[in-house]
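Please look at the sequence and the model first, and then read on.

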Amino acid sequence: MKTYTSAVEIDHLRKTYGTLVAVDDVSVSVAEGEIFGILGPNGAGKTTAIECAIGLREPDAGTVRLLGLDPRADQAEIHQIVGVQLQASAFPAKLRVGEILDMYRSFYRHPADVSELTGALGLAGKHGDFYRSLSGGQRQRLSVALALIGRPRLAFLDEMTTGLDPQARRDAWELIERVRAGGVGRQGQHVLVTGTGDLVNAVILALAAAGVTARDVQLGAPDLEDAFVALTGQDLSDMDNDKEGALA
């Protein structure tokens, strides 16, 4: 039975290393289905906060709950439902990509389809390659694939797009958006639901079943530019710029 209100709940987190205060009184609440980003300069404590959140480091103060679970006390269950991509990772040079993926896949009860995952991340032809032969960007894509291979309900991705080219960055974010459960996004007090069919009635009935009354429901459809981007992968303004460049 669900006993939590947020997928991630961090309250007054603090972590120090001697006299260095890495994380100071950080509180974060992330809803289910929400994509949440932490921005800050190098050394701001982003990685330390993530490592405390997933149970790799013990905070000096504060509490963390992931889907209602304590990341340190409930480690076995956390490993099955939380995926993690750390800022830096490495594997033995002579392990093949396929071997690494198969090994990680075996850790989970209901793993993702490897072919689908690697295809989405541009690694489809790399299963037989040694880890040492991968470029920095390919290693980064592999680390993202390993974070998602268990079909996690919650994923922590630390500097996910570092080393990726612009197209790979876009592909990675599109994959994350597909993985996000059911296409539900939250913007403040508003919830955005995307899909086809009789969504309005389905959403209202789901809210009513949860004891929530919808105060304002708006139905919209994508405009011509949205449809163009979905079909071609290009923005109309980008095409205009390309045309101007060709004529110059």
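In what follows, buried means under 20% relative accessible area, exposed means over 50%, and partly exposed means in between, with a 1.4 Å probe and protein chains only. The model is predicted, and for that reason local features need pLDDT of at least 70 and side-chain atom pairs count only at pLDDT 80 or more, while totals for chains, interfaces and linings use all residues. Residues are numbered from 1 along each chain as its sequence is written, and side-chain values use heavy atoms, with hydrogens and water left out. Helices (H or I, at least four residues) and strands (E, at least two) are DSSP runs numbered from the N terminus.

**Second largest pocket**

- A pocket is defined on a 1 Å grid over the protein atoms alone, as an open set of points where a 1.4 Å probe fits, with protein on both sides within 12 Å along at least five of seven lines, whereas in a cavity the probe cannot get out; lining residues have an atom within 4 Å of a point.
- The second largest pocket holds about 1,300 Å³ of space, where grid points are joined across faces, edges and corners and the volume is the space filled by probe spheres set on the points.
- Its lining consists of 44 residues, and those nearest the centre of the pocket are Phe-36, Gly-37, Ala-155, Phe-156 and Leu-157.
- Two or more lining residues come from each of strand E1 (8–17), strand E2 (20–30), helix H1 (46–53), strand E5 (154–157) and helix H6 (166–179), and E2 gives the most, with six residues.
- The lining of this pocket divides into 30 nonpolar, six polar and eight charged residues, where Ala, Val, Leu, Ile, Met, Phe, Trp, Tyr, Cys and Pro count as nonpolar, Asp, Glu, Lys and Arg as charged, and the others, Gly among them, as polar.

**Salt bridges**

- A salt bridge is taken to be a side-chain nitrogen of Lys or Arg within 4 Å of a carboxyl oxygen of Asp or Glu, and by this rule the count comes to six.
- Arg-14 and Asp-24 form one of these salt bridges, with their closest N and O atoms 2.8 Å apart; because Arg-14 lies in strand E1 and Asp-24 in strand E2, the pair ties together parts that are ten residues apart in sequence.
- Arg-14 itself counts as partly exposed, at 31% relative accessibility.
- Glu-32 pairs with Arg-153 in a salt bridge whose closest N and O atoms are 3.9 Å apart; Glu-32 lies in the loop between E2 and H1 and Arg-153 in the loop between H5 and E5, so this pair ties together parts that are 121 residues apart in sequence.
- Of these two partners, Glu-32 is partly exposed at 38% relative accessibility, while Arg-153 is exposed at 51%.
- The side chains of Asp-129 and Lys-126 also meet in a salt bridge, at 3.5 Å from N to O, with Asp-129 partly exposed at 23% relative accessibility and Lys-126 partly exposed at 24%.

**Positive phi values**

- Most residues other than glycine have a negative phi.
- Asp-25 has a positive phi, near 60°; Asp-25 is placed in strand E2 and counts as partly exposed at 47% relative accessibility.
- Leu-67 also has a positive phi, near 55°; Leu-67 is found in the loop between E3 and helix H2 (75–81) and is buried, with a relative accessible area of 7%.

**Burial and contacts across the sequence**

- Ile-10, in strand E1, counts as buried at 8% relative accessibility, and from C-alpha to C-alpha Ile-10 and Ala-53 are 7.6 Å apart in space although 43 residues apart in sequence.
- Lys-46, in helix H1, is buried with a relative accessible area of 16%, and the C-alpha atoms of Lys-46 and Val-23 are 8.1 Å apart, with the two residues 23 apart in sequence.
- Gly-125, in the loop between helix H4 (114–120) and helix H5 (136–148), counts as exposed at 67% relative accessibility.
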